[in-house]
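Trainee: Please give me a close look at a single part of this model, the way one chain is built up. Then set that part beside its partner.

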Amino acid sequence: MTELTLVQAVNRGLQQAMRDDGDVLVLGEDVGLNGGVFRATEGLLKEFGEERVLDTPLSETGIIGTAIGMALYGLKPVAEIQFLDFIYPAFDQIVSELAKFRYRSGGQYPCHVVIRSPYGGGIKGGLYHSQSTEAYFCHTAGLKVVIPSTPADAKGLLLTAIHDEDPVMFLEPKRIYRSVTGEVPDGDERVPFGRARLVREGTDVSVFAYGAMIPVVTEAANALAAEGISSEVIDLRTLVPLDEAAILASVEKTGRAVVVHEAARFCGFGGELAALLAEKAFFSLKAPVTRVTGYDTPFPYALENLYLPNVERVSHAVRTTARAG
Amino acid sequence: MTAAPAIVPLPYSPEEVASALGRSWKKTLAAMYRWMALGRALDARMQGLQRQGRVGFYGAATGHEAVSVAAGLVTRREDWILPGLREQLVALVRGHPLGTYAHHLFADDKDPARGRNMPCHPSAADVHYVSMSSVIGTQISHAVGVAYAMRARKSPGVALAFFGDGATSANDFHAGLNLAAVWNLPVVFCCVNNQWAISLPVERQSAVATLASKSAAYGLPGQRLDGTDVIAVYRGLGEALRDARAGKGPKLLEFLVYRMTPHSSSDDPGRYQPKDWGARAAASDPFLRLASWMSEHGLLDEGSRTQIGAAVEEEVRAAVRQAEETSAPVPSSLTEDVYAPSASENSPAGAARGT
């Protein structure tokens, strides 16, 4: 075990996979000499050389298109898109090509690319360094969507992603890249997809969240405990595949659910969770499912703390849900 | 009745053809003729079946045969093809069975891709012919990645990206040529300029004099070739492949051809093409240009033309018959291959959501 920040854990995950498998390579803007703008790829160029750590020209569609070609031939590329906000030139490659290669070729051309990208607000990044648009990718069949919230999960889920057979969107909560530290297992210790993490056990309300919202939700749950409200906090970790069993089991126990994400509300992932609970846990529910989310506006600069769900907003929603009905 | 237009002759002496095609040049010429005849027969039959409602869609490659046939013959087994809409003949020449391709066209249960694509979008991994989408130009940067992987694995292979004149305006043309040049990769970019992107003529697609000249902006060589001259394509593409294999980097080839059919089974060129287009295209018919050169030099007589014509027609008929007798894909295939088979075992949510 080693005490690491979340971004250091990403770095160790890449290093581990590249040491264990010569087919793994890293490509993206500023990932080599500069070690990535957040230092996630620091030291990799020195250890693995420029054939396996590629500083690319500034073209997201080129990065992902090239990674797809590499994967078709059997390499295991891990592409970095510097900010999730910059991924859209590659959106065509991701949804039209990457997600559909296995299906449209009847399994002749599986296409396993991992796309790492920092996402989310809280770093004073304004409209174009802050967005949380995981729902776009969850909506496309063929992709897996993973969002860690702890250093151990960042490394363990990244290793699973790199050794998986399907394309994976690996979204990193940059707001907690350095603010969260934790013990991380050494070596090739993988965390499986499709298993939610029980952050805090409780009996009154289930709170579902992921990524940078986990510390916020946990703080709110701790504060509410003093008021006598027992919250069960569940970190979804992988949005696709989704651990439906864990979600349903928790709500069958508590009968109340709050969903928290920093993405905009309309057609956000929380809507999918609310629909899931309506379809499969309706008779367990004692109160309406409540969402705490970002607003249906572009991401603001000066007012980002107003936009992002915080401890007060989450506490208010949990309290209201606990008392409803 | 108007007289058939004069065919623009192939400008070669037998010695020049022998030098372009190598020692077994007569055999290669015979193969070129036969494959072009088969392509022609396939297009004719499928367009007819489409009009009868027996296949859903068809994108004919009539007029493109010299490029596809020469590419199929001059590439090596280890090369990879990243095709556009009109390159299926490349797969067939490289050895993909016509019968399997017919199963694809009819989207039946024996289609390797299980009937999931529109016709003319086959997957033929047996000959490294990569599955294509209908999005224009995306395969150009895939070729760059394939070439990178070939070099990393020390394979002598070359990646060939095929695309049309319209794709030179698309994002991945820019991204792909730039990356391939920066990394000096073994890629040949094959722009098959048939002068029409559905209804838009090439002079309104781009203001450059030749599409090949766009290569200069990326620092790689570009060359325009007569794409209706099968000898010129074989020689020019052969040189580009040799250079790429020798580590000399990528090249952009522009093959100028005439689209001799509508874009697909869904449009009417009478709305947008000039009246003399058909006659101009017919004069540069790649199949007739080859046939007339071979006849003139005693390599093809009327008897063998008739015999080959009948043989390829029967081959097409047999493949179509077999496909039409095959049932539709089984319903369970709808949710397969979305994710790897292992995904459904490993994850509680299962592979196919919503089921």
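Mentor: Start with a definition: the bounds of a domain are taken from an automatic or database domain assignment. Keep in mind, too, that this is a predicted model. On that basis, chain A falls into domain 1 (2-184) and domain 2 (197-323). The C-alpha centres of these two domains of chain A are 26 Å apart.

Now look at where the two domains meet. Domain 1 of chain A brings 26 residues to the contact, and domain 2 of chain A brings 24 residues. Take the side of domain 1 of chain A that touches domain 2 of chain A. Three elements of chain A give two or more residues to that side: α6 (134-138), β6 (144-146) and α7 (151-163). What classes of residue make up that side of domain 1 of chain A? There are twelve nonpolar, nine polar and five charged residues on it.

Along the principal axes, the C-alpha atoms of chain A fill a box of roughly 60 × 40 × 40 Å. Its radius of gyration is 19 Å, which agrees with the value near 20 Å that a compact globule of 325 residues would have.

Next, find the open sheet of five strands in chain A. Read across it and the order is β9-β11-β10-β13-β14, with mixed pairing.

Follow one strand pair in detail. Strand β13 (residues 257-264) of chain A pairs with β14(A) in the parallel sense, over four bridges. At A264(A), the residue standing opposite is G294(A) in β14(A). Helix α12 (residues 311-323) of chain A lies across β10 (205-209), β11 (231-235), β13 and β14 of chain A. Its direction is at about 170 degrees to β14(A).

Most peptide bonds are trans. The bond from V240(A) to P241(A) is cis, with omega near -5 degrees. P241(A) is in the loop between β12 (238-240) and α9 (244-254) of chain A.

Now set the partner beside this chain. In the contact between the chains, 40 residues of chain B meet 43 residues of chain A. On the chain B side, α6 (138-152), α7 (171-182) and α13 (341-346) of chain B each supply at least two residues. The largest share of that side, eleven residues, is from α6(B). By class, the side of chain B that touches chain A has 21 nonpolar, 14 polar and five charged residues.

Chain B has 13 helices and seven strands. Its radius of gyration is 21 Å, close to the 20 Å that the globule rule gives for 355 residues, so chain B is as compact as a globular protein of that length.

Chain B also has an open sheet of five strands, in the order β1-β2-β3-β7-β6, with parallel pairing. Its edges are β1 (80-82) and β6 (222-226) of chain B, each with a single partner strand, so one side of each has no neighbour in the sheet. The twist here averages 20 degrees from one strand to the next. Strand β2 (residues 159-164) of chain B runs parallel to strand β3 (residues 187-193) of chain B, and six bridges join them. There, G164(B) has V192(B) in β3(B) as its bridge partner. Helix α9 (residues 230-245) of chain B packs on the sheet and touches β3, β6 and β7 (251-256) of chain B. The directions of α9(B) and β7(B) make about 170 degrees.

Finish with a helix pair. Helix α1 (residues 14-21) of chain B and helix α2 (residues 25-51) of chain B have axes that come within 9 Å and cross at roughly 85 degrees. That makes α1(B) roughly perpendicular to α2(B). Where they meet, V17(B), A18(B) and L21(B) in α1(B) face W25(B), T28(B) and L29(B) in α2(B). The classes are five nonpolar, one polar and no charged residues.

Conventions
Residues numbered from 1 in each chain as written. Chains lettered and ligands numbered in written order. Predicted model: local features only at pLDDT ≥ 70, side-chain atom pairs only at ≥ 80, totals over all residues. Contact = placed C-beta atoms within 7 Å. Nonpolar A, V, L, I, M, F, W, Y, C, P; charged D, E, K, R; others polar. Pairing = 2+ DSSP bridges. Axes fitted to C-alpha atoms, helices over the stretch in contact; angles between N-to-C directions. Parallel < 35°, antiparallel > 145°, perpendicular 65-115°, else oblique. Rg over C-alpha atoms; globule rule 2.2 N^0.38 Å.
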